[in-house]
Amino acid sequence: MAIEIVTVPDLGGAESVDVIELSVAVGDSVEQEDSLLVLESDKATMDVPSPVSGVLVKFLVADGDTVKVGDPIAEVETIDSATGDAVTIETESAATEAPVENIEPAAVSAPAEAAAQPAPSAETSEQLILVPDIGSDDAVAVIEISVAVGDSVEEGDTLLVLESDKATMDVPSSHSGTVVKIISAEGDMLRTGDQVAVLQVSASYDSVAEGTVAQTSDAQSREADASETPIIEPLTAKPAPAAKPAPVSSNQQHDVSSDVYAGPAVRMLARELGVDLKKVSGTGPKGRVQKDDVNSYVKAALAAEPKASNGAGIPAVPAVDFSQFGPVDTVAMSKIQKLTAANMQRNWLNVPHVTHFDDADITELEAFRKSLKEEGEKRGVRVTPVAFLIKALATSLQAIPEFNRSLASDGEHYIQKHYCNIGMAVDTPRGLVVPVIKNADEKGIWEISADIMRLANSARDGKLTPAEMQGGCFTLSSLGAIGGNGFTPIVNSPEVGILGVSKSQIKPVWNGAEFAPRLMLPLCLSYDHRVINGGDAGRFMTHLVKLLSDIRYLAL
């Protein structure tokens, strides 16, 4: 029987995601690319497809678990498509597995400590576990030892947890066996290849088992005179080096909660929500503050009554029993809907909004766009007004760079960006998401249109990756297909501007001699008045209207 271990694929930048749905049942037959389960991050949901055809043996995770890239999530028994028989698959991980290092035993008189350890038979060996590739040459701190001497572990079980200034990572066991010795200690600084622990494993476990047994037999023969039953002494670890302070990232230098036991992802979430981690009670191992702890703190704070002494709190909305007025249903919000609500409230409370209104004459633009229909069908690309809006916004950001800034966290500086990524709000059944078109200033209308189709389809199918929703400089929210004369969009902080677009209408416009029917597009520009003043907004909107009214300026 050949078992394929399915792992979490590249998440495109997310450190961890939640399992929200198991799509198949144990024993079900699955084809290659069939969805096994669904993951959800703070910004998107994504399916995890089966890499092979076969039968689902078991899930290694459950609904509600949190996983990260590389974590094992399921076992699939592979089936030969020609015969229906199970086939043996040599996975890449097996082909590239690091060579096993065997610890040569040394026979000694059994001291009291060693006597307590059972003597391995000729069918077992000791396996040294090393730190795998951590993607950097820098040393990272050991923040947690997850096993104890004598524990039985399976391949893939976590032995210890490392933490850099950007992420936490588990060090998994490369073999199944019993923990003989733990070499590292909490506070140690480790690099790729450093020693972690020693396991007692079955000699038949790997391809070098025969050599292991031979070494053990030779050692026992050489020391037969010293003891009738030679004892394999565990590898002696060097004294653990003094713990060094973990490196502090630039984002943590001004963090008033830097002495709180929490990972970088939790600290980032706390900074985004304005939470003082010193006030949050940690429910993780050894009091470690987790994301759920921060979210629970925020929920409790929002639900709490404001203190009458300072008058700075926002009065809570009173609870209402709506069932007294008629039939009702209580429906749980999706994770994306809850995150969107929290982000909108935070942005509205923190950003001093101003909205600038104007109309753009898009009569010629629409005529040109419709003339592209036949060529678009040949290319397999549909050109919408949104493509011209995104191109015009990218050009306007270059002309008025004040809108391509973000306020620094210290409130005393701003960040001027020299790249141009435009986000577009997409309404989906799961909630509002904002995929980002990268380097929009360097792309033409055809390229932007293709990006819009791809990202919009991924958004509606729930297949956007976190990387596809990060790095935006400015956001477009278009309600053109729905209707309306205008609205006041909320700035997607830390961006400083967002353009709202409503439904275009034919209106009479004075051309100097008479009123002529023109197709007018309502535009609503909301901006952060801490970074943008009225003059900046006026120049930006005037430039944008000019580009949309005469698209020939887009070529200049």
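A: The hairpin of β26 and β27 has four residues between its strands, and Gly512 there takes a positive phi near 105°. This is a predicted model, in which local features need pLDDT of at least 70 and side-chain atom pairs count only at pLDDT 80 or more, while totals for chains, interfaces and linings use all residues. Residues are numbered from 1 along each chain as its sequence is written, and side-chain values use heavy atoms, with hydrogens and water left out. Strands (E, at least two residues) and helices (H or I, at least four) are DSSP runs numbered from the N terminus.

Strand β27 covers residues 515–528. Two strands count as paired if DSSP finds at least two bridges between them. β26 (residues 505–510) runs antiparallel to β27, with six bridges between them. In that pairing, Gln505 stands opposite Met520 of β27.

Which other strands does β27 pair with? Strand β17 (residues 353–361) is joined to β27 by nine bridges, again antiparallel, and His353 faces Asp528 of β27. Strand β25 (residues 497–501) is joined to β27 by five bridges and is antiparallel too; here Gly500 lies opposite Cys524. In general, strands of a sheet pair through backbone hydrogen bonds, either parallel or antiparallel.

Is β27 enclosed or open? A residue is buried at under 20% relative accessible area, exposed at over 50% and partly exposed in between, using a 1.4 Å probe and protein chains only. Eleven of the 14 residues of β27 are buried, so the strand is largely enclosed by the rest of the structure.

α9 (residues 385–399) has 15 residues, and at 1.5 Å a residue it should span 21 Å; its end C-alpha atoms are 21 Å apart, which agrees. The expected span is 1.5 Å times one less than the number of residues. Twelve of the 15 residues of α9 are buried, including Val386, Phe388 and Leu397.

Contact means heavy atoms within 4.5 Å. On the α9 side, Val386, Ala387, Phe388, Ile390 and Lys391 touch Ile445, Ile448, Ser449 and Ile452 of α10. These residues divide into seven nonpolar, one polar and one charged, where Ala, Val, Leu, Ile, Met, Phe, Trp, Tyr, Cys and Pro are nonpolar, Asp, Glu, Lys and Arg charged, and the others, Gly among them, polar.

Apart from neighbours within four places in sequence, Asp451 is in contact with Ile437 and Lys443.

As for the whole chain, it holds eleven helices and 27 strands, and 39% of its 556 residues are buried.
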